[in-house]
Amino acid sequence: MDKERLEAFDEIAGGYRQFRPSYPASLFDELARYVLPIEPEGDGPLLALDVGAGTGIATQQLAHVLDQRWRILGVEPGSGMLEQAQALDDPRIAFVRGQAEHLPVNDGAAALIMAAQAAQWFDRPAFYAEARRVLQPHGAIALIQNNRNWQASEFLSAYEALLEGSSPGYSRNYRAFDYRQELEDQGFTRIRVHHAEWIREMTGEAFVGMAHSSSKVAAAVRARGRALVDQAIWDLLATFGRDGTIEIPYVTELFLGEVPATRAHAG
């Protein structure tokens, strides 16, 4: 991730932890079932990496579903996000500074690599190569995307149009990657895809807070000024909201793959 983007995320780290949603528990249950057959290669625990861990939202959910055989290491490049994550109190989780393309662990050291709402920022070919390097034979990779379902909401469609008109270079389709195909192309096997649709009911204040935890909204604020951006969001909330709240539909996808023993340490 480039320096400018890292600085943008550092600016929104506090709001990120406060306002960003968690992920559907059902998908973490699927992830736990997928990795259940994995055994440690030695006497130590199984290691799971949460790459691009941010403030640790998904890291904590992962720890909740993995059994006591596992320890979890969150890897985060941004100092602001890392500071928020390191304030968490869980003896099974540690957080370190690092890049997805240069993971700070030895060859074959990890049994699981997860990236939740982060892979779009990676140099993904380099990340996949690192995943193959650090995963033990038959280790797993998990990619999670938590996307607002603007196709199912007039409010969200209008909100995305607002961002497209205010945030330079933004498109609502910026996360439209075919992760399943990418995993296949990178040599991962036993690929599984799970999805969950759900609705988050929010107050207008909470939605505005969540909006300002986004680097895309931060770019709109730099381009147009906070007052104008906030007024435009509140106008949409007044048009589409009900009794001070708004329903936000989401589609969350989980992509799972296994690294074959013959490819585990390939570069």
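Q: How many of the 14 residues of strand S5 (residues 135-148) are buried?
A: 11 of them are buried, so S5 is largely enclosed by the rest of the structure. Buried means under 20% relative accessible area, exposed over 50%, and partly exposed in between (1.4 Å probe, protein chains only). Strands (E, at least two residues) and helices (H or I, at least four) are DSSP runs, numbered from the N terminus.

Q: What kind of model is this?
A: This is a predicted model: local features need pLDDT of at least 70, side-chain atom pairs count only at pLDDT 80 or more, and totals for chains, interfaces and linings use all residues. Residues are numbered from 1 along each chain as its sequence is written, and side-chain values use heavy atoms, with hydrogens and water left out.

Q: Back to S5. In which sense does strand S4 (residues 110-116) pair with S5?
A: Parallel, over 6 bridges. Two strands pair if DSSP finds at least two bridges between them. Ile 113 stands opposite Ile 141 in S5.

Q: Where does the chain go between S4 and S5?
A: The path runs from S4 through helix H6 (residues 124-134) to S5, a right-handed β-α-β crossover. Right-handed means that, with the strands pointing away from the viewer, the path from the first strand over the helix to the second runs clockwise.

Q: And S5 with strand S7 (residues 245-258): parallel or antiparallel?
A: Antiparallel, over 9 bridges. Arg 148 has Tyr 250 in S7 as its bridge partner. Asn 146 is bridged to Thr 252 in S7.

Q: What is the strand order of the sheet?
A: S3-S2-S1-S4-S5-S7-S6. This is an open sheet of 7 strands with mixed pairing.

Q: Which strands stand at the edges?
A: Strand S3 (93-97) and S6. Each has a single partner strand, so one side of each lacks a neighbour in the sheet. Direction ignored, neighbouring strands are turned by 20 degrees against each other on average.

Q: Which strands does helix H4 (residues 57-65) touch?
A: H4 packs on the sheet and touches strand S1 (46-51), strand S2 (70-76), S3 and S4. Its direction makes about 140 degrees with that of S4. Axes are lines fitted to C-alpha atoms, for helices over the stretch in contact, and angles run from 0 to 180 degrees between N-to-C directions.

Q: How do S2 and S3 pair?
A: In the parallel sense, over 5 bridges. Glu 76 stands opposite Arg 97 in S3. From S2 the chain crosses through helix H5 (residues 79-86) to S3, and this β-α-β crossover is right-handed.

Q: New topic. Which residues of the largest nonpolar core touch the most other members?
A: Leu 31, Val 35, Leu 62, Leu 66, Trp 70, Leu 112 and Met 114, out of 31 residues. Helix H3 (residues 25-35) gives the largest share, 5 residues. A nonpolar core is a set of buried Ala, Val, Leu, Ile, Met, Phe, Trp, Tyr and Cys residues joined through side-chain atoms within 4.5 Å.

Q: What is Leu 112 in contact with?
A: Leaving aside neighbours within four places in sequence, its contacts include Leu 31, Val 35, Leu 62, Leu 66, Trp 70 and Leu 135. Contact means heavy atoms within 4.5 Å.

Q: Next, at what angle do helix H10 (residues 215-224) and helix H11 (residues 226-240) pack?
A: About 125 degrees, with their axes 7 Å apart. That makes H10 oblique to H11. Angles under 35 degrees count as roughly parallel, over 145 as roughly antiparallel, 65 to 115 as roughly perpendicular, and the rest as oblique. Val 217, Ala 220, Val 221 and Arg 224 in H10 meet Arg 226, Leu 228 and Val 229 in H11.

Q: What about phi of His 138?
A: Near 70 degrees, a positive value in a residue other than glycine. His 138 lies in S5. At 43% relative accessibility, His 138 is partly exposed.

Q: And Asp 243, where is that?
A: In the loop between H11 and S7. Asp 243 is exposed, at 77% relative accessibility.

Q: Last one: what does Glu 201 touch?
A: Thr 245, Ile 246 and Glu 247, not counting residues up to four places away in sequence. Glu 201 is in strand S6 (residues 189-203), and counts as exposed at 56% relative accessibility.
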